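Dear colleague,

Please find below the structure for your files. My notes on it follow.

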Amino acid sequence: MSFTLGIVGIGQFGSHFAELFAAHPDIDALYAVDSVPERIDAVEARGVAFAGRYETLEDLLASDVDAVAIFTQRWTHGQHALAALRAGKHVYSAVPMAIEGDEIRQITEEVQRTGLVYMMGETSQYNAAVVLARRIHRSGAFGEVFYAEGDYVHDMDLGFYDAYRYSGGEQWKSTASYPPLLYPTHSIGGILGVLGERHAVSVSALGRPDTRGDGVFDKDVSMFGNDVSNAFALFGMDNGGAFRTNELRRVGYPSHKRESRFRFFGEASSFEETIDVTYWHDKKDVLEVTDLIRTDRTMSLDDPRLADVSPTLRDAFVAGASRAHHQERLPAEFQGMPNGHEGAHHFLVDDFARAVVGGHQPVVNAWQAARYTLPGVIAHQSMNRGGERLEIHDLGDCPLPVVDLDAEQEALDPQALAAAIEEASAVAAGA
């Protein structure tokens, strides 16, 4: 069985994913929708063969296309996903899932009612450090994890001004003020992508008003009425522990080297990631595991396919898989193809395609996506109420069959992780 897919939004991100969707053996025809037809032309010039084009999302949804991939403006994802599900289409959505709690709840209801596949393409799910920490956690080596940290540290000067100009047109400043806590999934998704059995139950958040004075993060200009560029949230977890996230858009930090970073503290051992070095340690030993999450470039930063991407954003579009990743589960067609976000892109496309063909829900299904997204929506409300601690009403576990392709791969060789860590720590010690 194979299926057809329509991509809505052939911009910087959508065009990159179009190549991967086109190459996946389970997808036999690709269609495109974009308000700027020249963007579709450019992707076709790179060798991606679209089977057809539609002028609007509505036209696509009225067609017999099986599935829709949404790469539109981030505040529109919820309404577009709901429209697609109600039209009988499987849905892949870029992050975030939605920016309203009601939209998030309605998406889970539609998926349960229809049995259609919904997946949110959260790159942190397959961030190299997250993959390694998840494998350690599944082995039981952390013990009970009582505290974790996840930061999405991306300074506006490092590519975001250019990205918002590209997507926002003449009114780009009104959209560049997008509230940081409404883009929470890179940080929360990395934490809960490791602690898959946990979820947030409460949050208190604060935000720092921007001081640049350039019309970005200006309440009078912002379509969101937002003037906060840096935000900080402390979440309570269902096991009595906590996790903290930082969403930083004004910060002296080399975001192009590592825009997301994570720490996990368990009763038996802990894991700490910095820009250049990553450690796993217990009460006696400190092991450097940097080599296991190191990613190499899959294409040149000067590749013509990146012409519309700011030079300071290009690292996110070229990073390949690491030794921690389960590369052996990927289709052979992906070998040598562009990747990105520390090796995540190939796995995201494969998860969705195999879920549609297999008739199951992927790991980042609607309910897990809600756990990555809804806490940020509530955190934004807490910030606007001066840090008041607010309850987060969890939507529960996915009631439909879920297949975790990484877990299946790990079950084939349960000793692989220990051997890899031993080798990596020996290399680090020798260096």
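How are α6 and α13 oriented to each other: parallel, antiparallel, perpendicular or oblique? The model is predicted, with local features requiring pLDDT of at least 70 and side-chain atom pairs pLDDT 80 or more, while totals for chains, interfaces and linings use all residues. Residues are numbered from 1 along each chain as its sequence is written, and side-chain values use heavy atoms, without hydrogens and water.

Helix α6 (residues 128-138) packs against helix α13 (residues 405-412) at an angle of about 60°, the axes being 12 Å apart. The two are therefore oblique to each other (roughly parallel is under 35 degrees, roughly antiparallel over 145, roughly perpendicular 65 to 115, and oblique the rest). Their crossing is right-handed, that is, the near helix is turned clockwise from the far one by less than a right angle. In contact (heavy atoms within 4.5 Å) are V131, R134, R135 and R138 of α6 with D406, A407 and E410 of α13. By class, this contact has two nonpolar, no polar and five charged residues.

Helix α9 (residues 185-194) is mostly covered, with 10 of its 10 residues buried (under 20% relative accessible area, 1.4 Å probe, protein chains only). Among them are H186, I188 and L192.

An open sheet of six strands runs in the order β3-β2-β1-β4-β5-β6 with parallel pairing (strands pair if DSSP finds at least two bridges between them). Its edge strands are β3 (52-54) and β6 (118-120). Strand β2 (residues 27-33) pairs with β3 over three bridges, and Y31 has G52 as its bridge partner in β3.

With kind regards

Methods:
Axes fitted to C-alpha atoms, helices over the stretch in contact; angles between N-to-C directions. Helix = DSSP H or I, 4+ residues; strand = E, 2+ residues; numbered from the N terminus. Nonpolar A, V, L, I, M, F, W, Y, C, P; charged D, E, K, R; others polar. Buried < 20%, exposed > 50% of the residue type's maximum accessible area, 1.4 Å probe, protein only.
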